[in-house]
Amino acid sequence: MAKCRICQSKYQPFIDFGPMPISNNFLAEKDFANEYFFPMKAGFCSSCSMVQLLEQPAADVMFHDNYTFFSGTSRLMAEHFKHFADDIKLNYLTDKQSPFVVEIGSNDGIMLQNFAEAPYRHLGVEPSANVARVAQDKGLNSIVRFFNLETAKDIVAAHGQADAFLAANCMCHIPTLHDIIEGIAHLMSPGGVVAFEDPYLGEVIRNTSFDQLYDEHVFLFSLHSISAAFAQHGFELIDAKPLETHGGSMRYYLSQKGMRPVSSRVKQLLQDEVDLGLLIPGTYDKFRLGCEQIRDDLKYLLIKLKREGKRVVGYAATSKSTTLLNYAGIGPELIEYISDTTPLKQGKFSPGMHIPVLPAETLQGNYPEYLLLFAYNHQKEIFAKEAQFAKNDGKWIMFVPNVHVVE
Ligand code: SAH
Ligand code: TMP
Ligand code: ZN
């Protein structure tokens, strides 16, 4: 039995993905022998409804000065974060003279850059030094630290309290959520807004997108579990907004209880979660069966294509693909290589299964018959960019919400 990180109740795992490597640890051949693996299992706590990994590697094994995920690799995400920033500016900060905005997991500054001009004051908190440096080189304020209560105290001492606390695809990475919320409670000015977005449990269940679970994603949040966690520290959910990013995310808005009106959307979205079965354990057993079907269908398809002598290349070496490939046991015998635009990943091998990662240019002029789209969350952008592939009769293999081929 495992102990819930949010409410301390005991719970059982509903799925065992087997040994998993670090999802962003693209490595050289000489490092294969020493590769780090952890047992990846996920469980559902029926007391507070949080979905979580039972074990997670230590934070400094995942986030360090050689972190390979740069937010700026997607143009559409840059637009998305401009909209996020505008939403906060227009709806939550107009009553402040010189609003102070703190973002954690600010990475290369993709969101912070929208708060660089007066009247806003901004600070990023980003432990991965190499990506933080990209933000600093753009003239943005970013400290290289993990956010926690201690960091919050230092920020308040140096800059005062924050009027907005923001995060994207970061809160669900941090196992010590209570320590983070204590930090937020210390940091926020009265009535300040806390807004963060992460892949949404409801979409993961709807689409069987189990690849949203990997070492970094220790939690899959819902309105129910977020309310439960924050209520313990005097916060309430004031709004929530479903998003299309990362295959289906949710943005949560919170503030100290009673300080801001609660949108009617909250009640509706909570009800949707009940209707979807997010509060009952049977949902997660059904989900596991769906995961097994995708795992098996994809492997069979790849084996069949291999026997037919077809070439298959992976598209985008995402962190999510680490879960899919290792869970299904798909390696270089079935996928020739993975094409990716991130220089740090190129020339390396994928975590665990050791498929070579090559620059996107490798594809040009030498398209295979099939491309397996790992970055389905960037499908629109990628299909547009690779229009020539489809014109040349290339076919895309998709695996969410089920394994199918797009001709
Ligand atoms: N917000 C960006 C980056 C997401 S990646 C985007 O949505 O594209 C997650 C980031 O969170 C990484 O850059 C990682 O270094 C950072 N991170 C992990 N733990 C953290 C913590 N405790 N405090 C602040 N940042 C953290
Ligand atoms: P993500 O799904 O975790 O955001 O990871 C995105 C990865 O996809 C990153 O390694 C860059 C890569 N990528 C491409 O190779 N080509 C593209 O067109 C896009 C949008 C991303
Ligand atoms: Zn719990």
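User: From which domains does the lining of the second largest pocket draw at least three residues each?

Analyst: A caution comes before the answer: this is a predicted model. Now the general idea. Rolling a probe the size of a water molecule over the atoms shows where empty space is left. In this case, domain 2 (71–260) and domain 3 (283–406) each give at least three residues to the lining of the second largest pocket.

User: How many residues line the second largest pocket, and which lie nearest its centre?

Analyst: The lining has 16 residues. Nearest the centre are Leu 76, Glu 244, Thr 245, Asn 377 and Lys 380. The space in this pocket comes to about 470 Å³.

User: Now the ligands. Which residues are closest to ligand 1?

Analyst: Begin with the shell, then go to single contacts. Ligand 1 has 20 residues around it, and Ser 71, Gly 105, Glu 126, Ser 128 and Asn 169 are the closest. By class, the shell holds twelve nonpolar, six polar and two charged residues.

User: How much of ligand 1 does the protein bury?

Analyst: Compare the ligand alone with the ligand in place. Alone, ligand 1 exposes 570 Å², and 97% of that is buried by the protein.

User: Which residues come nearest to ligand 2?

Analyst: Of 16 residues around ligand 2, the nearest are Lys 320, Asp 340, Thr 341, Lys 345 and Lys 385. Both α10 (319–328) and α11 supply at least two residues of this shell. The shell divides into seven polar, five nonpolar and four charged residues.

User: Where are the polar contacts of ligand 2 with Lys 385, Thr 341 and Thr 342?

Analyst: Each one involves an oxygen atom of the ligand. Lys 385 has a polar side-chain atom 2.4 Å from an oxygen atom of ligand 2. Thr 341 has a polar backbone atom at 3.1 Å from an oxygen atom of the ligand. For Thr 342, a polar side-chain atom lies at 3.2 Å from an oxygen atom of ligand 2. On its own, ligand 2 has 490 Å² of accessible area, of which the protein covers 97%.

User: Last, the backbone. Is the peptide bond from Ala 118 to Pro 119 cis or trans?

Analyst: Read omega. The bond from Ala 118 to Pro 119 has omega near 10 degrees and is cis. Pro 119 sits in the loop between β6 (100–104) and β7 (121–125). Val 400 and Pro 401 are also joined by a cis peptide bond, with omega about 5 degrees. Pro 401 is in the loop between β18 (395–398) and β19 (404–406).

User: What is phi of His 246, and is the value positive or negative?

Analyst: Check the residue type along with the angle. His 246 has phi near 50 degrees, a positive value in a residue other than glycine. Its loop runs between β12 (235–243) and β13 (249–256).

How values were computed. Residues are numbered from 1 along each chain as its sequence is written. Chains are lettered from A and ligands numbered from 1 in the order in which they are written. This is a predicted model: local features need pLDDT of at least 70, side-chain atom pairs count only at pLDDT 80 or more; totals for chains, interfaces and linings use all residues. Side-chain values use heavy atoms; hydrogens and water are left out. On a 1 Å grid over the protein atoms alone, a cavity is a set of points where a 1.4 Å probe fits but cannot get out, and a pocket is an open set with protein on both sides within 12 Å along at least five of seven lines; lining residues have an atom within 4 Å of a point. Grid points are joined across faces, edges and corners, and a volume is the space filled by probe spheres set on the points. Domain bounds come from an automatic or database domain assignment. A residue is near a molecule or strand if one of its heavy atoms lies within 4 Å of it. Accessible areas come from the Shrake-Rupley method with a 1.4 Å probe; for residues, only the protein chains shown count as cover. Ala, Val, Leu, Ile, Met, Phe, Trp, Tyr, Cys and Pro count as nonpolar, Asp, Glu, Lys and Arg as charged, and the others, Gly among them, as polar. A polar contact is a pair of N or O atoms within 3.5 Å; within protein, one must be able to donate a hydrogen and the other to accept it, and residues adjacent in sequence count only if both atoms are side-chain atoms. Helices (H or I, at least four residues) and strands (E, at least two) are DSSP runs, numbered from the N terminus.
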